[in-house]
Amino acid sequence: MSTLHIIPLAPFLFAFLIPLFYKKFRHIHTGWFVLPLPLIIFIYLLQFLPLGGTAFQPVEVTVAWVASLGIDFTVYLDGLSLLFALLISGIGTLVVLYSIYYIANKRDEPLNNFYVYLLMFMGAMLGVVLSDNLIVLYVFWELTSLSSALLIGYWYHKERSRYGAQKSMLITVTGGFAMLAGFTLLYLMTGTFSVQEIIAMSDQIAASPYFVPAMILVLAGAFTKSAQFPFHIWLPDAMEAPTPVSAYLHSATMVKAGIYLVARLTPLFGGQAEWFWIVTGFGLLTLLWGSVSAVRQKDLKGILAFSTVSQLGLIMSLLGMGSAAFHYDVIDGESLYTVAILAAVFHLFNHATFKGSLFMVVGIIDHETGTRDIRKLGGLMAIMPVTFTISLIGVASMAGLPPFNGFLSKEIFFEGALNITTLDMFNVETLGFLIPVVAWIASVFTFVYSMMMFFQTFTGKHKPEELPKHAHEAPVGMLISPAVLGLMVIVFGLFPNMLAYTVIEPAMQSILPGLLGEGEQFYVNIYHWHGLNTELLMTMGVVLIGTALFLNFDKLQQTAFYLGERDPLNGAYDNGLTGLISGAQYVDGVQMTGKLRHYFTYMFVFLVAVLSYALIRTNAFAIDFANTAQISPYMFFIILALSLATIAVPFMTKRVPAIILVGIIGFLVALIFVVIRAPDLALTQLLVETVMVVLFLLVFYHLPELRKESFKPVFKWSNLLISLSVGAVVTITGLSAHAFSHGHDISPISDYFVENAYALAGGENIVNVILVDFRGLDTLLEVFVLGIVALGVVVLIKYKASGREEV
Amino acid sequence: MEVLMIFAIGILFTVSTYLILTKSLLRVVLGVLILSHGAHLLFLTLSGLKTGAPPLLGEEAGSYTDPLPQALVLTAIVIGFGITAFMLVLAYRTYKVHETDNFDELRGSDDD
């Protein structure tokens with residue numbers, strides 16, 4: 001157990017203390033106790049950053065968990081995990097600080113729940129990014145789904161919250177199961193759960209038939225978690241969560257777990273055409289769909305949710321494009337396609353900063369005005385100047401304007417997309433030109449919704465009559481966190497190379513291992529002015545067309561496109577869910593009729609089907625007359641009488657004859673026992689049959705006059721058919737078994753009993769010796785059965801029905 | 001003789017299946033009783049019906065019939081008797097409480 005192991009576990013352990021703090025220190029906001037933990041983790045993790053140009057050395061420490069199954073809790077810290085862990089703990093600190101002020105004035109809020117869930121989430125997320133073992137990763141992965149659902153449903157008295165929590169849970173857990181199946185396939189191919197060991201065997205895996213299924217299953221997990229098309233529908237509904245949760249989980253961290261997984265497994269699957277097309281294709285589709293849908297939203301958080309979807313698609317498509325780098329040798333740390341990975345890592349970081357701050361800003365607006373509807377908001381610039389400034393920074397960065405960091409990552413994104421068109425692998429020449437076109441269109445829409453969000457909220461006429469609250473600036477404490485994030489947007493926008501070799505390059509090395517020689521590094525130099533090239537022209541085009549579209553916003557507002565706010569895919573989900581439930585109810589209703597006869601029918605049909613299949617399959621049917629005993633005339637008549645009596649039973653319309661017939665059958669069976677030389681059986685059978693007939697008569701005596709004229713059974717041909725086939729199958733099985741036993745030399749073990757009954761047990765009646773000596777345990781338990789039956793009968797008769805027994 | 005017995009046993013199974021599929025409580029009980037007869041006979045038949053002395057050592061015979069199936073069937077008869085007796089009392093009791101012996105009417109209401 002090393003210090004690194006404590007990082008993901010500490011939040012879980014700390015969560016146990018939260019209810020204590022909440023109960024004992026009611027007057028201090030519980031958030032203050034939580035705040036130090038992510039801060040300490042953040043500061044601790046900072047020491048791993050490679051400063052001064054030294055190459056980053058991954059750290060790996062292992063603690064055995066289920067060693068026999070190859071499941072060890074291995075923490076692997078490299079550039080990629082460090083980037084994520086720093087984001088999680090850093091933004092975690094800011095979010096906790098923000099939440100202290102955000103949920104401050106509601107003393108009746110269950111803060112203990114909130115912080116327990118939040119810490120649980122933080123620990124799970126740190127576990128996901130630090131685990132090297134796939135199973136441990138999966139465990140933490142599901143914990144993030146669980147804690148996310150708990151946080152979305154925080155205000156569980158609201159119906160929309162419960163709907164959102166259920167939806168996100170169903171979608172992400174379905175993906176999680178698919179991912180687990182994918183991990184299992186990876187284990188089958190390699191025999192290890194360790195990510196690093198699996199990556200080392202990537203050549204061998206690529207040749208396996210399980211390669212593509214494993215890839216698709218793992219991607220299903222990543223795509224559902226990271227809200228990729230068409231699984232993105234849970235994210236907008238997750239906006240029912242408190243805003244700090246939306247800022248933390250649904251913009252900066254949890255939705256990036258899928259991105260992390262794709263990046264982490266790029267060395268494994270990357271370089272294959274399927275991976276390239278699936279990841280790039282779904283990424284671009286999500287990018288376009290998200291940005292177009294965001295324009296239709298009227299709720300600020302709705303815009304941000306679809307914006308998040310679209311930006312996640314952007315990062316995902318960049319990871320797909322960058323995987324092409326595995327096809328080409330990297331020369332001097334620079335290649336055409338590693339640029340895409342650079343853009344992905346850089347934008348990942350940028351998105352976390354500006355989207356986090358924007359969510360917090362929206363939270364402030366909601367908190368201070370009482371609404372998030374952009375049709376009611378307006379003219380807040382003068383009223384909330386600080387919030388306005390922070391929004392300006394965040395929105396400009398999101399739209400991709402200089403000098404903010406969003407501009408830089410968008411430029412590199414265009415560069416990566418343009419580079420892909422030169423790729424001659426994977427049949428890119430046919431479809432490749434679409435990639436920069438789609439990217440450009442999506443950027444135009446991104447620009448439009450960014451402007452929409454900004455101008456509708458802060459400019460125009462202030463409409464105090466429409467607002468539930470009197471608008472004013474937020475308290476300082478609430479502004480700290482978004483301000484810090486806004487500051488980061490500016491600082492890393494102006495000095496992007498601060499990050500280049502500390503954060504970005506090590507992360508690139510983790511995503512693209514093995515491409516560089518010993519001691520080499522990727523070339524990372526991010527700068528604002530790189531000449532008047534195609535990328536800059538594209539950005540200028542985005543600004544021009546976007547502005548033109550926004551100026552015609554009034555016209556857009558009239559269209560049906562704008563009015564239909566809900567994502568059309570929600571219909572598919574809702575109908576699918578209700579269809580599943582009603583379908584299950586229908587199947588249940590058809591099958592579970594509550595009638596005993598139907599259930600018996602299922603069983604008999606199944607029995608006949610299985611037995612006849614087995615008989616036909618093994619070609620077992622045989623009949624053997626050779627080795628049979630002689631038929632004595634008596635026996636012939638007894639069997640004939642038995643058959644006739646049996647066949648007559650169903651035809652009895654009165655009950656007393658039926659009982660008498662059954663009695664006759666029993667006595668005939670006793671006679672058969674006599675003939676086949678089983679005296680004890682015959683004796684028992686006679687006695688039992690007598691008592692049974694008496695019992696039957698007793699019961700009939702107590703039966704009412706009501707239906708004393710016994711029923712004429714409804715003659716069902718199907719019943720007849722089923723019973724005939726049961727009889728036929730039993731007969732054929734019996735005949736075959738008989739033929740088989742005589743065709744093979746199977747000597748009975750009874751010779752032992754015959755020889756030793758007297759010698760060992762001192763008895764001459766072999767059957768009785770077996771019953772009480774050789775196999776006495778059976779007899780003991782049989783006695784118990786009789787005892788229990790006797791008790792049961794007594795209880796049934798003595799017990800008087802109470803009124804509640806009415807059915 | 002075994003082949004003849006097996007056909008008779010097939011008839012026992014057919015009739016008992018038919019009775020079990022009917023609606024009346026007591027017919028089902030009769031069906032179960034006949035089914036147990038069929039099972040006992042099938043057991044003895046498949047272990048061989050070859051002639052020999054009854055399994056009593058005092059007979060001083062050269063060969064005996066197989067005693068083990070007889071012991072097993074004896075146990076089965078007793079248990080079958082216990083179960084049938086219990087079922088009968090249960091049927092009686094069911095009739096007392098619900099005043100019907102028709103399975104289609106013994107379905108409970110939708111809310112339980």
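**Reading a predicted two-chain model**

Modeller: F454(A) and F458(A) are 4 residues apart in helix α20 (residues 434-458) of chain A, so about one helical turn separates them. Helices here are DSSP runs (H or I, at least four residues), numbered from the N terminus. The model is predicted: local features need pLDDT of at least 70, and side-chain atom pairs count only at pLDDT 80 or more, while totals for chains, interfaces and linings use all residues. Residues are numbered from 1 along each chain as its sequence is written, chains are lettered from A in the order in which they are written, and side-chain values use heavy atoms, without hydrogens and water.

Biologist: Why is the pair of F454(A) and F458(A) called tilted?

Modeller: Rings of Phe, Tyr and Trp (its six-membered ring) pair if their centres lie within 6.5 Å; planes under 30 degrees apart count as stacked, over 60 as edge-to-face and the rest as tilted. Over all chains the structure holds 33 aromatic pairs. In the pair of F454(A) and F458(A) the centres are 5.7 Å apart and the planes stand at 45 degrees, so the pair is tilted.

Biologist: How do you know that α4(A) and α13(A) are roughly antiparallel?

Modeller: The axes of α4 (residues 79-102) and α13 (residues 257-269) of chain A come within 11 Å and cross at roughly 170 degrees. Angles between N-to-C directions run from 0 to 180 degrees, with axes fitted to C-alpha atoms over the stretch in contact. Under 35 degrees counts as roughly parallel, over 145 as roughly antiparallel, 65 to 115 as roughly perpendicular and the rest as oblique. The two helices, α4(A) and α13(A), are therefore roughly antiparallel.

Biologist: What makes the contact between α4(A) and α13(A)?

Modeller: L80(A), S81(A) and F84(A) of α4(A) meet Y260(A), A263(A) and R264(A) of α13(A), where contact means heavy atoms within 4.5 Å.
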